[in-house]
Amino acid sequence: MIITRRGVMAGGAALALASRLNAAPASSLDAIAASKGRHFGSAIGMGQYPDARYRALIEAECGVIVPENELKMHAIHPDGPDAFDFGKADILVDYAIQHGLLVRGHNLLWHHPQAMPKWSETYDYGPKPAEKVAEILTNHVETTCKRYADKIFTWDVVNEAVDNKTGVMRETVFSKAMGSPEAVLDLAFHTASAAVPKCELVYNDYMSWDSELHCGGVLHLLEGFRKRDVPVDTLGLQSHLSAKQGMERGGFGPSQEKAWRGFLDAVTGMGYKLQITEYDVNDAALQGDADARDSAVAELTRAYLDCTLSYRQVSVVMVWGMSDRYSWLQHNKAKREDGLPLRCCPYDSEFKPHPMREAIAASLGEAKART
């Protein structure tokens with residue numbers, strides 16, 4: 001087991017939450033996860049942090065937090081590469097430490113042209129752009145990692161470098177300057193490894209069983225890391241799922257499970273560990289009342305987690321938000337035709353538990369122990 005004292009504290013916090021929020025978890029999700037050698041946690045950002053009810057929910061259910069956006073390069077360097085702004089990230093990291101929570105780092109480099117800092121497209125990289133980009137990236141990764149060296153136990157070093165439609169590596173202004181995406185990614189991982197040698201380093205992406213090109217591209221990238229001796233420990237499985245109307249187990253039937261297991265077998269066969277890093281379920285395609293939608297989401301959750309947690313390499317399960325009230329999906333382009341809010345997180349907008357919460361608890365509790 002891990003963090004046994006934390007498990008006891010979390011169980012008591014869960015009971016306290018029940019009295020405050022009219023919920024009734026018998027044991028926290030993190031305590032259940034810890035009983036099998038895992039951690040459970042959630043994203044929290046400055047958009048939710050001021051809400052005492054949301055913090056109470058985090059403290060009751062979670063053993064880990066991940067800042068939602070506050071550690072990303074564009075947040076730390078809003079005006080250019082030379083100035084660092086850690087103010088918002090510090091608030092969340094300090095909050096976690098004060099409440100005995102672990103912290104995941106997300107992310108040092110979001111290698112997507114639309115996610116790079118705005119200044120990166122117009123910045124003057126001088127006569128030797130490859131050297132200047134390497135200097136900027138090294139300074140960013142090294143400074144950020146060392147600032148939180150004793151506070152963050154695992155980092156998403158690189159996020160979403162593989163194009164989900166084609167399976168090829170994405171190009172950014174950084175990769176164009178340095179000659180290839182691999183040069184940028186390798187530098188980020190080597191720099192992070194040197195700065196925080198005991199930290200678990202993650203490549204994070206959102207591939208799924210129904211995207212053969214994307215999964216193939218990720219496998220190719222992971223194979224390349226091994227051939228080039230790049231210090232990558234873990235594949236982060238974002239797990240932003242979409243429930244499918246009328247499909248078995250919400251869209252994760254036997255054929256989908258077979259494809260997903262084939263991918264995970266290939267990843268773990270290369271010696272990589274796994275983390276579920278950003279779990280939620282988009283229910284925009286589901287018809288029916290709230291109970292019917294919640295049932296389908298819970299069914300999908302249980303099927304997916306039962307499958308993925310059968311791999312002992314999974315050490316962490318993170319949801320991308322505990323309450324529907326603050327989910328990024330509410331503001332996503334995919335809206336429900338009936339105009340109703342999405343029901344996508346373990347708790348609803350009034351902080352009452354969805355059936356998804358119990359599905360997560362059941363999967364965590366029945367999974368094989370890692371130790």
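What share of the contacts in the protein chain with a separation of 6 or more comes from residues 24 or more positions apart? The share is 78%, where contact means heavy atoms within 4.5 Å.

## About the model

This is a predicted model, in which local features need pLDDT of at least 70 and side-chain atom pairs count only at pLDDT 80 or more, while totals for chains, interfaces and linings use all residues. Residues are numbered from 1 along each chain as its sequence is written, and side-chain values use heavy atoms, with hydrogens and water left out.

## The chain as a whole

Let us begin with the overall picture. The protein chain has 12 helices and 9 strands; these are DSSP runs (helices H or I, at least four residues; strands E, at least two), numbered from the N terminus. The C-alpha trace spans about 60 × 45 × 45 Å along its principal axes. For 371 residues, a compact globule would have a radius of gyration near 21 Å, and the 20 Å of the protein chain agrees with that. The radius is taken over C-alpha atoms, and the globule rule is 2.2 Å times the number of residues to the power 0.38.

Of the 371 residues, 56% count as buried. Here buried means under 20% relative accessible area, exposed means over 50%, and partly exposed lies in between (1.4 Å probe, protein chains only). The protein chain exposes about 15100 Å², of which carbon and sulfur atoms supply 51%. Accessible areas come from the Shrake-Rupley method with a 1.4 Å probe, and for residues only the protein chains shown count as cover.

## Strand S1 and its partners

Strand S1 (residues 39–44) is mostly covered, with 6 of its 6 residues buried. Two strands pair if DSSP finds at least two bridges between them. S1 pairs with strand S9 (residues 314–319) in the parallel sense over 4 bridges, and 4 bridges also join S1 to strand S2 (residues 64–67), again running parallel.

Gly41 is a handy residue to look at here. Its bridge partner in S9 is Met318, and in S2 Gly41 stands opposite Val64. From S1 the chain crosses through helix H3 (residues 52–61) to S2 in a right-handed β-α-β crossover. Right-handed means that, with the strands pointing away from the viewer, the path from the first strand over the helix to the second runs clockwise.

## Strand S5, enclosed on both faces

Strand S5 (residues 200–205) has 6 of its 6 residues buried, so it is largely enclosed by the rest of the structure. In a regular strand the side chains alternate between the two faces of the sheet. In S5, Glu200, Val202 and Asn204 point one way, Leu201, Tyr203 and Asp205 point the other way, and all are buried.

Asp205 lies in S5 and counts as buried because its relative accessibility is 0%. Its bridge partner in S6 is Leu237. Leaving aside neighbours within four places in sequence, the contacts of Asp205 include Glu160, Ala161, His214, Val218 and Gly236.

Arg104 sits in strand S3 (residues 102–110) and is buried, with a relative accessible area of 0%. The side chain of Arg104 makes polar contacts with the side chain of Asp156 at 2.6 Å and with the side chain of Gln275 at 2.8 Å. A polar contact is a pair of N or O atoms within 3.5 Å; within protein, one must be able to donate a hydrogen and the other to accept it, and residues adjacent in sequence count only if both atoms are side-chain atoms.

Lys132 lies in helix H6 (residues 129–147) and counts as partly exposed at 21% relative accessibility. Not counting residues up to four places away in sequence, Lys132 touches Tyr123 and Tyr125.

## Backbone details worth a look

Most residues other than glycine have a negative phi, and most peptide bonds are trans. The peptide bond from His106 to Asn107 is cis, with omega near -15°, and Asn107 is found in strand S3.

Asp229, in the loop between H9 and S6, has a positive phi near 60° and counts as exposed at 61% relative accessibility. Arg249 has a positive phi of about 50°; its place is in the loop between strand S7 (240–242) and helix H10 (254–269), and at 24% relative accessibility Arg249 counts as partly exposed.
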